[in-house]
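Thanks for asking me to look this one over.

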Amino acid sequence: MNLHIVILEYGHDVSSYMAAGGGAQADEGVEEGGGVRRRVPHVEMKLVSLEEGSEATLNSDITAMMLQQQMDRRKAAVYLTLTGLLIFSTAFLLGYVAFRGMCHLCGDEGDLIPLNDAAEAAHSPEGGVLYMAELRAMLKKYLREERIESTLRRVSRVSHPPGSSEGNAVAREILQNLQNLRMDHTWTDSHYATLQFPSRTQRNTLWLVDSEGAELEEIMLDSEGYCAYSATGTATGGVVYVNYGRREDFKQLRAMGVSLNGSIAVARVGGAVSFAEKVWHAQEAGHVGVLIYPDPADVPQDPRRLGLHSNAVISEHVHLGSGDPFTPGFPSFNHTQFPSTQSSGLPIIPAQPISANVASKLLSQLSGPDCPRGWQGRLPYVQCVLGPSFTGPSERRVKMAVYNTMKPVLLNNIFASIEGKIEPDHYIIVGAQRDSWGPGAVKSGVGTALLMELARTFSNMVENGFYPRRSLLFVSWDGGDFGNVGATEWLEGYLTMLHLKAVAYFSLDQAILGDDNLSVYSSPLLTDLVEGAIKQVEHPKHTGQSILSLVQRQGSWRNIVKPLYLNSGAYSFTTFGGVPAMQLHFNEDARSYPFVNTQLDSVDRLQELLQGRLGSVGRAVTELVGLMVLKLSHEHILPLDVTCYSSTALQLSSTLNLHAAQLQSRGLSPQWVFSARGDYSRAAKNLQEAIKNSDIQDERLARLYNTRIMRVEYYFLSQYVSVVETPFRHVFHGRGDHTLSALANHLSLLNSDPQQFDEARFRRQLALFTWTLQGAANALSGDVWNIDNPL
């Protein structure tokens, strides 16, 4: 049998051959289920049996085949040309899209968030991506300022301290509202903490007594005012006016020769120091008790003009720390077997808040040296003298008694989360205090209202196509009035791993104290986020003008950024947990909101101060935080400034240079500090350069860089001090002998008081700071073979 090879030209219908009697059946060219014919996409060879002796037919077929092949070559050239053009065009378009997606340094408008297939079909038919500008517009679209005020009014109706029925009712409402949102997870985190409350059986008292201790006159105190974690018992002594109770105030009193030992300090509210710091400084100076009052010079006291009445007191805790002071360094879970220890920050002297009227009664009767310039307040009938003696023939003194009681309370932190799609184990956390001694409109209500609005807004964004790269956590903290107890206990429970997971924390506490000026208290790592946010947000008091435009009229926008302070909701996250944190406030120009930490902190008073602009101010703050959260949850590489601490360390180097001769005369050399600072600066710049020259679309590489960036804050927690004795271990922002500020203050003694300079102590301080800085440099360098250790 001979084989007849028949070549069908590309694209010819099989049916034309089959109609001519070709061997295979016509259904080869019909699609399944119906008579639609298809074009043959390739050269097809058919085997047909021939009768023997048909050589002529075979020769003619070969000739035809050769002629056909010549024609095919010409057509193939045309097809190849067209195919090449198609491939080039496709590659160009793919390259363009890929470049647009990876250009995170080209500005916000070039940033993309990839959506999965389902989201693309449901929410983004234009191409499956959302630009940062679209996300900003989406955030603004879903924010509802009217919801902020309605939530604030609901949670600030009455006093709701931790463990109370009112507090539990607010907690249930918050939990239910979060569960109603489109959240991936909602849960609670509980701790048993020891809190201090006024005694139900004995009220705190204040007496004037004679030299023998006999009670002459009782001075009535506000029964609701107290200082949580004060020492209990009685204290008797003369009275010394100590201004704000700052460290420099006590230094000036000692320089003036005022007798402090055994006396009771009277300090005024303010001076940028907390109640806890005032009591701590007084205790160090030798006082046996502290009374703290609001002076009209600092706190408005005219009820007709939105001020306190003269009998009002301001309450605040006096634990120089955060968290449960009876479980320092570890979480107060119910099943924990607590050791018999307590925080080193608990005072050992009693403290009590008093009103301006009570302070006036005491200070108007003092005798002694005149006050230094600038210490004069505005108490009526008071000629500013320091004490400690009273005027008159009899040697009178003051006796104070504090009977506060400790009580174990179940605290409930409430969490809700939206899972990130690329890095779900990296969190951006937003939180606010929920509890309050009084109605707490500013103290806890504002933060809670903003938190709920942010959670609702981001939930709506997810429903409409937003898929964050990293996870978002929304947290309502309990026990905030007692020193951020709920937040700190949670930090203690996850201290060993939080720096690997938490990108940043934003505190919403007391965010609205006015509507004039914005103040930002932040870790330096987050500072660069501020400019981009305030550029996008309209000032709540000046329609059509951004916050940035108004800030720049008074100088650089960086002037509004300030260091974290002890009583802020963000402080312990950075100084204890090693997580970059931020808290911001809108303040008044001419006057402060005077009702925080009083029973008068109500929504109506806040609205009166803001002249009805509560909703617009709340919207501005929510939008600011929302934009920064968006950027952190969206960028491939975390936009944290790892070089920021280089300049701070450089300032220390400059200070050491000024004292170089004095240090060398004592056999001390700052060379190792200079070396560590240089290593850190090089490591930070090298990391930035490596990121700039890398393909950040490479998820593995991006994750490696982000892990190094996330740990920077943690690197500056000193590993050489105890977390129990020195919880705020951060060498730049913490508290203790290991910190940069302590080292600088000690160094200043070389000029101001050389006899007080302790060489052994300074050597230890210098060594602890140097090795913490060097450790941060080594860690930031990456792998051990990248560390610069020249032979």
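**Notes on the model**

1. Let's start with a helix pair. L740, A742, L743, H746 and L747 of α22 make contact with R761, F762, Q765, L766 and F769 of α23. Sorted by class, the residues of this contact are 7 nonpolar, 2 polar and 1 charged. Please bear in mind throughout that this is a predicted model.

2. How do these two helices pack? Two packed helices are described by the angle between their axes and the distance between the axes. Helix α22 spans residues 740-752 and helix α23 spans residues 759-781; the angle between them is about 145°, and their axes lie 10 Å apart. The crossing of α22 with α23 is left-handed.

3. Helix α7 (residues 247-255) and helix α8 (residues 275-285) have axes that come within 9 Å and cross at roughly 25°. Angles under 35 degrees count as roughly parallel, and α7 and α8 are therefore roughly parallel to each other. Their crossing is right-handed.

4. Which residues bring α7 and α8 together? On the α7 side they are R247, F250 and R254, and on the α8 side K278, H281, A282, E284 and A285. This contact of α7 with α8 has 3 nonpolar, 1 polar and 4 charged residues. For the contact of α22 with α23, recall, the division is 7 nonpolar, 2 polar and 1 charged.

5. What is the lining made of, by class?

6. Is the peptide bond from G387 to P388 cis or trans? It is cis, with omega near 15°. You will find P388 in the loop between β13 (366-367) and β14 (389-390).

7. One more backbone detail concerns N597. Its phi is near 65°, which is a positive value in a residue other than glycine. N597 sits in the loop that runs between β22 (581-587) and α15 (603-610).

Methods: Residues are numbered from 1 along each chain as its sequence is written. This is a predicted model: local features need pLDDT of at least 70, side-chain atom pairs count only at pLDDT 80 or more; totals for chains, interfaces and linings use all residues. Side-chain values use heavy atoms; hydrogens and water are left out. Axes are lines fitted to C-alpha atoms, for helices over the stretch in contact, and angles run from 0 to 180 degrees between N-to-C directions. Helices (H or I, at least four residues) and strands (E, at least two) are DSSP runs, numbered from the N terminus. Angles under 35 degrees count as roughly parallel, over 145 as roughly antiparallel, 65 to 115 as roughly perpendicular and the rest as oblique. A crossing is left-handed if the near helix is turned anticlockwise from the far one by less than a right angle, and right-handed if clockwise. Contact means heavy atoms within 4.5 Å. Ala, Val, Leu, Ile, Met, Phe, Trp, Tyr, Cys and Pro count as nonpolar, Asp, Glu, Lys and Arg as charged, and the others, Gly among them, as polar.
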